[in-house]
Every structure is written in C-alpha cells, then in structure tokens.
Amino acid sequence: MLLELLLLEYGRRYPEVELEVVTENALVDVIGKGFDAGVRLAEAISPDMVAIPITRTLRFLVVGSPEYFKGRSKPVVPLDLVRHRCIQMRMANGRLYRWEFERRGEAHVVDVPGNLTLDATDLILEAALSGAGLAYIGEYSLAAHIATGRLVPVLEEWCPAYPGLSLYFSQRRHMPAKLRAFIDLIREQAV
C-alpha cells in the first residue's frame, strides 16, 4: 500500500527521526492523544483539521473465490447478498459493518448474512481466498488476487469510488519539523 511505501521512504531519508505508527480501527482524537497527525478516510476528517491527500479515490469491492461460486449464482444486485454467506466485519465500536452500495443515485445498505465475523481486513481477505464466503474489501488489497483469478469481483457497478486516505493534523498547533518533512514527502510521492 502507498502509505507503507511512504513510511519506508521516510525512514530511509530521515533515519535520525523517531517515527511512531499506531494503528487503530476506531476513530480516535489523535491530537488529544498526543500525536502530531493521523491518517483517515478523507470523508471522516473534521473540517477544523488540515487534510493532505495520500491516495486517489478508493472503493470497496465484493469478492469471492472461484471455489465459493461453484454451484452458486453470483449476485446481480445488492439485495441478492441475502442469499449468500458473507464474511462480516466487526467495527471498533462493536457494530457490524453494513455493506454500502450505490448506482445511478440508487443507494442500498445491506445487513449481510454470514456465519463468520472478523475485525481485521487481512483475516477477511484470507477467509475469502479460502472460500469461506463473500467479502467486502478495499480494492487496493485485491488487485493481485483478482488478476490471478484467486478472487472474482461481483456487483462492481454498485461499488462507487469515495475520497481516499488523507494525512490530517491540527492547524492550531505548531508543526514539528518531522511532520513538515513527512508532508513534503507525501506531496512529492503520493496521489
């Protein structure tokens, strides 16, 4: 992923700078927790923050393995998912993620059925690859698996793009030199 490459490049360019990366599925107040900045979907960033785009638009896709689709029809519209085994995602707030779809102004949010619930994208991906059910995962994680035929996308026309990831930070705080260097790197290499 681009963010991982940026972090590696930052570490290579600035080996004397300490960089701490903390991953958290919940939306946390990074400034209140003492961090200089955070990375979040652009649509979830508070308007009082400065946002620097890291990625282009993203989208989630519904995928299943060829083994999963043996003897099953592929969903054509989002509501067809109720007849499938779907791998559910438990969010940090404890709720199950509701799969979101849109096409030509028609939106659907589906509470998908499934007998497997996970809280990490890498586990959901592995479960989908093993044929456990359909998964709803960011397209950036799927390209190689789709290209090799290990996963088959469905409902693609119902999976719109949305604003990607952005680095965000408070405009009210002094900007440390290490954050300025990271922002410069993002502007040089990202998007």
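In the protein, 76% of the contacts with a separation of 6 or more are between residues 24 or more positions apart, a contact being heavy atoms within 4.5 Å. The model is a predicted one, in which local features need pLDDT of at least 70 and side-chain atom pairs count only at pLDDT 80 or more, while totals for chains, interfaces and linings use all residues. Residues are numbered from 1 along each chain as its sequence is written, and side-chain values use heavy atoms, with hydrogens and water left out.

The C-alpha atoms fill a box of roughly 60 × 30 × 30 Å, taken along the principal axes. The protein has five helices and ten strands; these are DSSP runs numbered from the N terminus, with helices being H or I of at least four residues and strands being E of at least two. Of the 191 residues, 38% are buried. Buried means under 20% relative accessible area, exposed means over 50%, and partly exposed lies in between, for a 1.4 Å probe and protein chains only.

The largest nonpolar core has 30 residues. Such a core is a set of buried Ala, Val, Leu, Ile, Met, Phe, Trp, Tyr and Cys residues joined through side-chain atoms within 4.5 Å. Val62, Leu81, Trp99, Phe101 and Leu134 touch the most other members. At least two residues each are supplied by β3 (60–64), α2 (66–69), β4 (87–89), β5 (99–103), α3 (121–129), β8 (135–138) and β9 (152–154). The largest share, five residues, comes from α3. A second, separate core consists of eleven residues, including Tyr10, Ile52, Leu167 and Leu179.

In helix α3, the buried residues are Ile124, Leu125, Ala127, Ala128 and Leu129. The elements covering these residues include α2, β4, β7 (116–118), β8 and α4 (143–147). The helix is followed by Gly131, whose phi is positive, near 90°.

When residues up to four places away in sequence are not counted, Phe101 touches Val62, Pro78, Leu81, Glu106, Ala107, His108, Val110, Tyr136, Leu155, Trp158 and Cys159. With neighbours within four places in sequence left aside, His108 is in contact with Pro78, Leu79, Trp99, Glu100, Phe101 and Trp158. The side chains of His108 and Glu106 are joined by a polar contact of 2.8 Å. A polar contact is a pair of N or O atoms within 3.5 Å; within protein, one must be able to donate a hydrogen and the other to accept it, and residues adjacent in sequence count only if both atoms are side-chain atoms.

Positive phi values also occur in residues other than glycine, including Arg104, with phi near 45°, and Leu155, with phi near 60°. Arg104 lies in the loop between β5 and β6 and is exposed, because its relative accessible area is 75%. Leu155 is in the loop between β9 and β10 and is buried, because its relative accessible area is 4%.

Arg40 lies in strand β1 (residues 38–41). At 14% relative accessibility, this arginine counts as buried. A polar contact of 3.0 Å joins its side chain to that of Tyr168. Apart from neighbours within four places in sequence, Arg40 is in contact with Leu27, Val28, Ile45, Gly164, Leu165, Ser166 and Tyr168.

A cavity is a set of points on a 1 Å grid over the protein atoms alone where a 1.4 Å probe fits but cannot get out, and its lining residues have an atom within 4 Å of a point. Grid points are joined across faces, edges and corners, and a volume is the space filled by probe spheres set on the points. The count comes to one cavity of 30 Å³ or more. The largest cavity has a volume of about 50 Å³. Its lining is formed by Ile31, Asp36, Phe169, Ser170, Arg173, His174, Met175, Pro176 and Leu179. These residues divide into five nonpolar, two polar and two charged, where Ala, Val, Leu, Ile, Met, Phe, Trp, Tyr, Cys and Pro count as nonpolar, Asp, Glu, Lys and Arg as charged, and the others, Gly among them, as polar.

Met175, one of the lining residues, is in the loop between β10 (165–170) and α5 (177–189). Its relative accessibility is 24%, so Met175 counts as partly exposed. Not counting residues up to four places away in sequence, Met175 touches Phe169, Arg180 and Ile183. Met175 and Thr148 are 27 residues apart in sequence and 44 Å apart in space, C-alpha to C-alpha.

Conventions: 1 Å grid on protein atoms, 1.4 Å probe; cavity = no way out; pocket = protein on both sides within 12 Å on 5 of 7 lines; lining within 4 Å.
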